[in-house]
Amino acid sequence: MFAAIFRWLDQRLQLDDLIAPLRHKTVPRHRLSYWYFFGGITLFLFIIQVLTGILLLLYYRPGASEAFESVQYIMTRVQFGWLIRSIHSWSANLMIFTAFVHMFSTVFLKAYRKPRELTWVTGMLLLFLVMGFGFSGYLLPWNTLAFFATKVGTEIAGQVPLIGKPIMIFLRGGEEVTGATLTRFFGFHVAVLPGLVTVLIVVHLFLVQRLGMSVPPKLEADWAANPSHRREMKFFPNFLLRELMAWYVAIGALGALAAIFPWNLGVKADPFVSAPAGIKPEWYFLFMFQTLKVIPPKVWIVDGEVLGVLGCALAGLFWLLLPFFESDQPGRTKAWITGLSIFAVSYVIGMSIYGFVAN
Amino acid sequence: MCADQTVHPEPSRRHAIEIFLGGGVLATLASFLYPVLRFFVPPTVVDLGGDEVVAAKLVDLKPNSGKIFRFGSRPGLLIMNSDGTYRAFSATCTHLGCTVQYRSDLREIWCACHNGTYDLNGRNISGPPPRPLDVFDVHLRGDDIVVSRKRGA
């Protein structure tokens with residue numbers, strides 16, 4: 001039956017031509033091959049986000065007087081509403097985690113080298129946008145933690161000299177975090193960001209398809225010298241089936257997490273209460289949060305937070321442009337970039353743990 | 001010069017057309033973009049809060065306690081000291097804008113977001129805050145505790 005439908009379509013659309021590139025695509029086999037799965041898992045979790053996000057849209061109402069109540073309604077009254085929302089929240093967190101893993105594996109396998117600079121740049125832009133998704137989505141339930149996280153986050157943007165204040169007002173939709181901010185963040189979260197991310201994912205996947213998979217520099221040099229050492233598997237169906245198994249594991253983990261640890265709703269935001277004790281941002285902002293916390297109020301003549309914010313922005317910009325500092329010879333990759341990468345991953349993990357345990 | 005024009009009439013005419021066309025397209029784009037950019041900027045809201053507000057009733061506060069009150073569109077913090085005197089501040093932390101609270105155990109003003117503290121004169125004494133809190137005037141009118149902006153501030 002499926003074969004008959006496929007034949008019917010194939011006669012008219014020459015589908016074989018369309019999937020031919022996938023048949024030729026190969027994936028290198030070596031002892032670090034499993035890192036190749038993380039991009040695909042991130043994509044899978046993004047698809048889950050789109051689907052569960054669309055479901056939540058059926059009941060969610062943006063607005064300071066309705067948002068919290070509508071999420072409460074989803075969690076308590078809508079059948080399986082708690083499950084859909086918990087999957088959306090858990091999948092968001094797992095997606096950011098796998099995106100970070102994917103990014104750092106690209107760094108350590110040095111897959112960002114020539115000719116894949118643009119793949120890296122689009123990937124980093126996607127990572128920033130995904131964090132934007134996290135930041136904007138966090139506010140939507142309009143609870144106390146989200147209210148203060150947004151207040152601090154937008155205030156941080158406001159610290160940038162000259163352009164900071166207009167950016168802050170643009171993000172907040174006014175001087176303060178109010179219902180106007182919620183409407184804006186809703187617009188970013190469900191329209192602006194999905195559009196941008198979809199375009200970038202298409203470009204990113206096109207580049208991956210066009211350039212093929214990268215292998216670590218040592219292996220690349222070895223395979224170039226001894227072509228008989230080269231080991232590969234077909235992308236279709238061999239790698240794809242393995243990837244599907246990874247997706248299956250991911251959805252299992254997701255379902256279990258959502259069912260066993262449903263996401264909290266918290267307390268409705270009130271602009272006229274104090275920030276609660278022990279308030280912290282989401283784990284993926286913790287390392288920046290902790291950095292801002294330990295910088296003294298004045299460093300020389302510069303305000304500490306301005307320094308921290310500029311420092312983080314410059315570090316992000318440098319990371320975005322990382323491939324352009326790397327050598328284009330596989331045998332001569334720069335040791336300082338490896339050193340810096342080890343420092344970066346230790347800093348992010350170390351500061352996150354410090355932020356998690358500190359009062 | 002006339003000879004030059006007769007020899008190369010085409011490029012200069014083409015150039016003029018390019019300028020007109022290009023300029024026209026740019027002007028069209030600008031006329032689309034400008035309203036969109038202006039649309040992004042939220043209208044300014046006039047703060048009708050005034051310079052004075054009833055922050056609390058006398059019965060609301062016990063000695064050594066604090067209360068958040070609404071001052072226009074922003075929160076303020078009213079504190080009753082152990083000796084029965086009142087102090088009022090802006091409750092917006094000067095670091096990154098969280099809302100501070102009174103800690104009766106420490107007799108300090110504390111911001112939970114980044115662990116900044118201020119003394120009871122609003123001075124930043126530890127943690128990341130770069131500046132003191134704004135101090136307001138407090139006076140009593142009947143049963144009301146009235147908070148007002150400092151004169152000339």
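Which residue of chain A forms a salt bridge with Arg74(B)? The partner is Glu176(A), and the closest N and O atoms sit 2.9 Å apart. A salt bridge here is a side-chain nitrogen of Lys or Arg within 4 Å of a carboxyl oxygen of Asp or Glu. By that rule, one salt bridge turns up across the interface of chain A and chain B.

A quick word on the ground rules. This is a predicted model, where local features need pLDDT of at least 70, side-chain atom pairs count only at pLDDT 80 or more, and totals for chains, interfaces and linings use all residues. Residues are numbered from 1 along each chain as its sequence is written, chains are lettered from A and ligands numbered from 1 in the order in which they are written, and side-chain values use heavy atoms, leaving out hydrogens and water.

Now back to where the chains meet. Contact means heavy atoms within 4.5 Å, and 28 residues of chain A are in contact with 28 residues of chain B. Together the chains bury about 2300 Å², which is the accessible area (1.4 Å probe) lost on being put together, summed over both. In chain A, Phe272(A), Ser274(A) and Glu305(A) lose the most area to chain B, together 25% of what that side buries.

What kinds of residues does chain A bring to this side?

| Kind | Residues of chain A touching chain B |
|---|---|
| nonpolar (Ala, Val, Leu, Ile, Met, Phe, Trp, Tyr, Cys, Pro) | 16 residues |
| polar (the others, Gly among them) | four residues |

Conventions:
Buried area is the accessible area (1.4 Å probe) that two parts lose on being put together, summed over both.
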